[in-house]
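Subject: A structure for you to look at

Hello,

Here is the structure I promised to pass on to you. Have a look at it first, and then read my notes below.

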2 protein chains.
Amino acid sequence: MAIMNTQLGTWLMLEHALTHNFDVEVVTQQTIDTRHRYSYADMAKRTYQLMNALDSLGLERGERVGTLAWNNYRHLECYFAVPCTERILHTLNARLSPEDLAYIINDAEDRVIFAEPELVEALEKISNQIPSVQLVVVMGDDSNLPKSGSFQMVSYESLIAPHKEDYPYREIDENTPAGLCYTSGTTGQPKGALYTHRSTYLHAMGCGSAAGMSIGPSDAVLPVVPMFHANAWGMVYAAVSVGAKLVFAYPHLHPESFVRLLRDEEVTISAGVPTVWIQVAEELSRSQIKLPNLREIVSGGSQPPKPLIARYRDEFNIPIIQAWGMTETSPLASTARPKHHLRSLPKDELLDKVYSQGGIPLPGITISLRGDDGAEVPADGQHMGNLFVKGAWVIDSYFKGKGKDSFSSDGYFATGDVAIKNSEGYFVIADRTKDLVKSGGEWISSVAMEGAIMGMEQVAEAAVVAVPDEKWQERPVACIVPKPGCNITLEEVREHLIKEGFPKWQLPDRVEIIDAVPRTSVGKFDKKVLRSRITN
Amino acid sequence: MAIMNTQLGTWLMLEHALTHNFDVEVVTQQTIDTRHRYSYADMAKRTYQLMNALDSLGLERGERVGTLAWNNYRHLECYFAVPCTERILHTLNARLSPEDLAYIINDAEDRVIFAEPELVEALEKISNQIPSVQLVVVMGDDSNLPKSGSFQMVSYESLIAPHKEDYPYREIDENTPAGLCYTSGTTGQPKGALYTHRSTYLHAMGCGSAAGMSIGPSDAVLPVVPMFHANAWGMVYAAVSVGAKLVFAYPHLHPESFVRLLRDEEVTISAGVPTVWIQVAEELSRSQIKLPNLREIVSGGSQPPKPLIARYRDEFNIPIIQAWGMTETSPLASTARPKHHLRSLPKDELLDKVYSQGGIPLPGITISLRGDDGAEVPADGQHMGNLFVKGAWVIDSYFKGKGKDSFSSDGYFATGDVAIKNSEGYFVIADRTKDLVKSGGEWISSVAMEGAIMGMEQVAEAAVVAVPDEKWQERPVACIVPKPGCNITLEEVREHLIKEGFPKWQLPDRVEIIDAVPRTSVGKFDKKVLRSRITN
C-alpha cells in the first residue's frame, strides 16, 4: 500500500547473490597448502540441496539446528539453508568447556548438529549428557566419518547428494527467528541471544555500511573471527548481500599461510581479535610480504594495544579500525572511524582521539551512558557511566526469558560495561562493571591502564585486576607477561603510567609477572580466574 | 520478543545525529561568495522548532506539506520536521511547467508550501489554479517576504522563532508515509510515488552502503542533484544517518564557485547528472585546482559519455561511478562498481565492462529482464529484455491508485525501460521502451548509439530517435549538437559507429544538426519533443 512488502532476511541475500553475483568466488583454505573455491552460483545450488535435505530430516519450523564448525563453505551453506527453511541456526563455540557445551546444547534442545570431523570428539565426550541429539552431520564426505561413535552420523556430502539443486522461494515473516548464539557466560550460565531474519538483515547492512566495515562489491572479505562466534561479526551475511568475494582461512592460525592467503586472494578487508594481528605483524615483518590490496583491518573483542595500531599504520600502511559489540548486539554496534573534521589531524593526535574500543554507534544503534542515579553523564572524556544500548539488532530478552534484569524499563540493554564519552561523541569502554577497580570511592579503569602498560616496550600482555584493600576498599594489581628476555619492575610501570597521564592515586602498588593471561572461550581476558589466582 | 521493536524512519536518523554526531557540520553556499554553517546539534534544535510550528498550524497527520526549495539547511530541516510529525514531505520540482506544477499541487492537495523567495513567483502565476494552498512559508527571514501577493505568507524564520527547541520523541509505525515525489510525466500526467518511513530508512542505508555510494562518518557529501528531485538520490538521509558532513552548493551551477566549494570543504563524494560533470571538468582544467579529497563522483539520470569518465580518471584521478534508479525506486536502485575479480583489468577494458547505466542492483533490490513472452532473457550481453524491478524501497502502487498497469502480477514494477545484461551480471539500460527503434523486427538501442556518438571528438551531445519508415517500420536518426566550430557528417558518424562495433543495419541513415537537445524538467532528453520536431 505504497511500498512493496519485502520481508528482510536471509532469502533476500541468497536470491540476490544467485541472481546478480553468481560469478563471484568463495575461497576456503582447507589445509595449510590447499584451497577449495567455487562461485555463489555453486553455493546457492548446494544450499538448496541442503535445504531439501533438512526438510527430509523432519525438523520442525523453529527448531534449532546446531553447528560446531570452522569458517568454510559448508558452514556458509548452513548459514543460509537453516534459516531459509525457517529453522534456527545455532552456532556452537568450538572452544567451550565440555560443561558449557552440554549446557548450551540442552538449553537449545538441538536434535541435529553439523560438526567438523575433528570436533566430533568434543561431542563424544559429553554424549551421555546431551540426550536430545539424534544425528551428527560430519562436515566432509564419507572418508571423514569416524569408524564408530555414540551418535548416528552421516557425512555432509552424503546427506545433500540425493537432493535437488533448487528450492521454491519462500516468503518468511521477517520477525521469524533465524539464529541463536550464546553469551560466553563468564558470569553465571550462558544465555541465548535469538536473532530474527529482520535483525540479521539489518545487522548485515550495518556491518556492510561505510559506518561499519564498508563492505562492497569490490571487496574480498576474510573474517578471521570464527563463524561460531556471534555471526562472524556480520561479515559473512554482509559479503553475500553485496556480492563481495569471501575468503575463509585455515581454522588454526598459521601466520605464514595466512599471510600468503591474504596476498594471493587479494583480500581487501579482514577482521579479528587483536592477538591475531600481533602474530600477523611479526610474519609480515619476517617475510617482507606486502599487502597492497588490504585496505583495512577491523579489530574487536578487546582493545588492541596502541603501539600495534601505530605499527600497522607506519610499517605496513594498513589502518586498524576498532569495533565494539556484544553477542546481545548481533554483535557489531559501533566502530571508531575518524569523523570528517578529525581526518586531517596529525597521525598520533588522530590515533589518540579515536583510540577507543567503542567509537560512534552504527546508524540504527543508540547508546546511553548513565550514572548510578540513572542520569546521562556528560560527554567530557572524564565521567564514567554505565553503558546502555538499544537498536534494530539488539535483543530485548534472552532465549527462554532468562536474564530479565539486563533490560531497562525504557527499552535499553544494560551491557554491564562502564564507558566514557569524549567531547566529539566517541565512547571508550573503561571496564566491565565487575572488573572496575573501586578505590577510595573513585573508579579506576583497568582497560585504560592495561592499554597503557601494553604500550611499554618490554611488555607482551598485561591485565589489571582489583584486589581487596582494607583502607581503599580495592587497589589495582598489574599482571604482566614480559616479552621474551625482558624484565619489568613496579617502578618502571609506575613511571610509565605517570608519563601517560595517570594520576598518582590510580597507580598500581604491585606488579605480578605471569606466563600468560588466562582467557575465556571467546578469547577475552578471564579476570575472574586471574583475580582468584593472585588473591589466593 | 527477541529483538527490540525499533521502528525504522526519520526519527531514528535525527536522534542519532543529535546524540552521536552533534559536532558535525552542515554547510550551505548561499550566494556565490557566502556560506552558512552550523552543526547537527543546531540542525536538530531548529528542526524541533519547525516541528512545533507545524503542529501549531493545525496540519493533520498524513497531510502533504509542499516544498519548492533548493538544497540548503532550511530544506534539510523540512526533510526531518515534516515526516517526524507524521506528515508527508511533498517535494515540488522547481523546473516544472506551470501546468504540471498546478496539477501536482492539486493532486497532492497541499495546504502549506515552503518556497524559496525566488520561486514564489512560480506559485503566483498559478495562484488561481491551486485553491487548496492556504499558506506559503518563504524560505528566509522577513526581509525575504514579497511586498504583496495572492497568498498568505510568513517567513520561515518568523514561523519557527516562537517555538521550543525540543520535541518529545515519538514512535511512528515504520509503514507510515513519509514522502511524496511525482514522476516527471513525459508520458501522460505526473503520478505520485509515496515513500514510507521504512522505505526512506532502508533506501538511505542502501545509498550509504558500499554497494551504493559508500557514505561514512569520514565523508563530506555534496548532493548536486536537487533535494526536490527524488530525495536527492538518498544522499541527504544517508549523510545524516552516519554523521557525514553535508555540503549544499549554490542552486544555479556556477562552475568556478562550485569547484572552490568542493576544494574548501574537502568534499569526498558528490553526485549529479552528467551535464554538471562536463562543466566541472572544464573548470578543473581551466583553474588547475586539485581535489585530492574527492574520492568519487556518482553520475545518474542519464548515461555519461564514456570519454567523460575516461577524462576524470586520467586527468583528475577521480572515478565516476554510474548509478541508476527512478522516482518509483526511491530512486537509487543500482550502481556500476567493479566486482573484485574485475578490479585489476586494464583501465579501458574495465571501463568497457562496467560502462553501464544500470550495473548491479543494491542489496534489497532485484531486477528481472523479460522478453515480450514474459520469460527471463539470457545474461549474454546481447538479448534485450523489458526491465522489471522489485525491492524494499520500490513502490507497489502510485498515489491515489493511478497507473495500475505498471505493476506485474508477480510483484514487480515495470520500468518501461529495455535493458541488456552481460555475462558478469551487469545490466545496461538500452532504452525507454517507447524510445527504442524497432527496425525490421529487430530492436536498436538509441542509448548505446548516443553514447558511442558522444564519444566522437566533434560532438557535444547527441540523441538518437526513431522515425517512421515504410520498409523497416522505423529507422534511427542521429540528432547531434556539434562542439563550437566543429562540423560532422553522416558518413563520419557511420564510420565511427562501425569502428565501435555497431552492425551495418543499425546505422542511422540521417543526421540532424541541432542547437541543443530538448530536456524534461528533471534534465533527461525529451525525445517526444525531438521526434515531433524532426518528423514535422
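Across the interface of chain A and chain B there are 41 residue pairs in polar contact, counting pairs with both residues at pLDDT 80 or more. Please keep in mind that this is a predicted model. On the side of chain A that touches chain B, helix α7(A) gives the largest share, six residues. By class, that side of chain A has 33 nonpolar, 25 polar and 14 charged residues.

The interface of chain A and chain B also holds six salt bridges.

How much area is buried between chain A and chain B? It is about 5300 Å², and carbon and sulfur atoms give 57% of this. In chain A, the residues that lose the most area to chain B are A:Ile3, A:Met4 and A:His340, together 14% of what that side buries. Counting contacts, 72 residues of chain A touch 72 residues of chain B.

Now for the aromatic rings. Over all chains, the count comes to 26 aromatic pairs. One of them is the tilted pair of A:Trp11 and A:Tyr167, with 6.3 Å centre to centre and 35 degrees between the planes. A:Trp11 sits in helix α1 of chain A and A:Tyr167 in the loop between α6 and β8, 156 residues apart. A:Trp11 is buried, with a relative accessible area of 4%, and A:Tyr167 is buried too, at 9%.

Enjoy exploring!

How values were computed. Residues numbered from 1 in each chain as written. Chains lettered and ligands numbered in written order. Predicted model: local features only at pLDDT ≥ 70, side-chain atom pairs only at ≥ 80, totals over all residues. Heavy atoms only, no water. Contact = heavy atoms within 4.5 Å. Buried area = accessible area lost by both parts, 1.4 Å probe. Salt bridge = Lys/Arg side-chain N within 4 Å of Asp/Glu carboxyl O. Polar contact = N/O pair within 3.5 Å; in protein donor to acceptor, adjacent residues only side chain to side chain. Helix = DSSP H or I, 4+ residues; strand = E, 2+ residues; numbered from the N terminus. Nonpolar A, V, L, I, M, F, W, Y, C, P; charged D, E, K, R; others polar. Phe/Tyr/Trp six-rings, centres within 6.5 Å; stacked < 30°, edge-to-face > 60°. Buried < 20%, exposed > 50% of the residue type's maximum accessible area, 1.4 Å probe, protein only.
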